[in-house]
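This report concerns helix packing, the disulfide and the confidence of the model shown below.

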Amino acid sequence: MAASLRVLIVVLAVVSVSLRRAAAATVTVDEACKQHTKYPELCVKSLSSAKPEAKAAAEQGGLAGLAELSLSQAAQVGTETVAFVKGLESTPGGMPPVCLNECLAKFQGALADLQRSKVAVEEAKDVGAVNTWLSAAKIDGDTCMNDCQKVEGGGEMQIVDKIGDLGKMCSIAMSLTDASRNRPAAA
């Protein structure tokens with residue numbers, strides 16, 4: 001009886017440690033966004049807008065899972081921004097062609113950088129490469145308006161908002177990627 005009790009206690013201790021590790025690996029979107037990003041409201045809004053199964057899987061994956069989800073969401077913002085800028089071509093009184101072409105090229109570059117980030121994290125778990133491509137995407141978006149500031153009618157406010165959103169999403173993805181590197185999920 002005493003031997004059975006000892007075995008039961010050991011089994012319970014092992015299960016307890018395993019459950020604690022599993023619980024430690026699970027991080028909610030709210031927790032991660034508030035603890036690790038400069039833009040917690042946008043982070044929560046964006047990551048929560050993902051498909052429920054993608055969000056749940058990301059939370060189960062801990063910070064690394066949420067970092068991957070934030071990369072996907074940033075890429076989505078990049079895709080939407082490219083579509084928005086392309087749509088300005090047919091807008092009467094839209095941006096001057098020199099601005100439009102500059103922004104379109106920059107946002108297409110940012111989108112390519114975001115795709116490279118996703119590949120780096122999904123295939124190689126290469127956080128350094130992820131941060132490099134995210135920084136490049138943010139810079140591409142930020143520099144879109146450089147030539148436009150010199151052209152009358154080039155300061156389209158919606159573009160400025162889109163640039164800001166893309167930059168913030170890149171910042172969120174970089175923050176969560178860095179946090180996942182510093183705190184790997186427990187196995």
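## Packing of H5 against H8

In this predicted model, helices H5 and H8 cross with a left-handed sense. The two elements span residues 62-87 (H5) and residues 157-182 (H8), and they pack at an angle of about 165°. Their axes lie 8 Å apart. Angles over 145 degrees count as roughly antiparallel, and H5 and H8 are therefore roughly antiparallel to each other.

Sorted by class, the residues in the contact of H5 with H8 comprise 16 nonpolar, 7 polar and 2 charged.

## Packing of H7 against H8

Helix H8 also packs with helix H7, which covers residues 127-142. The angle between H7 and H8 is about 165°, and the distance between their axes is 9 Å. H7 is therefore roughly antiparallel to H8. The crossing of this pair, H7 and H8, is left-handed.

On the H7 side, the residues that meet H8 are Val127, Val130, Asn131, Leu134, Ser135, Ala137, Lys138, Gly141 and Asp142. Their counterparts in H8 are Ile163, Leu166, Gly167, Cys170, Ala173, Met174, Thr177, Asp178 and Arg181. By class, the contact of H7 with H8 divides into 9 nonpolar, 5 polar and 4 charged residues. The charged residues in this contact include Lys138 and Asp142 from H7, and Asp178 and Arg181 from H8.

## Disulfide

The structure contains 1 disulfide. Cys33 and Cys43 form this bond, with an S to S distance of 2.0 Å. The torsion about the S-S bond of Cys33 and Cys43 is about -60°, so the disulfide is left-handed.

In terms of secondary structure, Cys33 belongs to helix H2 (residues 29-36), whereas Cys43 belongs to helix H3. The two cysteines are 10 residues apart, and the pair links distant parts of the chain.

## Confidence of the model

The protein chain has a mean pLDDT of 75. A value of 70 or more is reached by 75% of its residues.

Over residues 1-24, pLDDT stays under 50. For this stretch, residues 1-24, the model has 2 contacts beyond four places in sequence.

Technical notes:
Residues are numbered from 1 along each chain as its sequence is written. This is a predicted model: local features need pLDDT of at least 70, side-chain atom pairs count only at pLDDT 80 or more; totals for chains, interfaces and linings use all residues. Side-chain values use heavy atoms; hydrogens and water are left out. Axes are lines fitted to C-alpha atoms, for helices over the stretch in contact, and angles run from 0 to 180 degrees between N-to-C directions. Helices (H or I, at least four residues) and strands (E, at least two) are DSSP runs, numbered from the N terminus. Angles under 35 degrees count as roughly parallel, over 145 as roughly antiparallel, 65 to 115 as roughly perpendicular and the rest as oblique. A crossing is left-handed if the near helix is turned anticlockwise from the far one by less than a right angle, and right-handed if clockwise. pLDDT is the predictor's confidence in each residue, from 0 to 100. Contact means heavy atoms within 4.5 Å. A disulfide is a pair of cysteine sulfur atoms within 2.5 Å.
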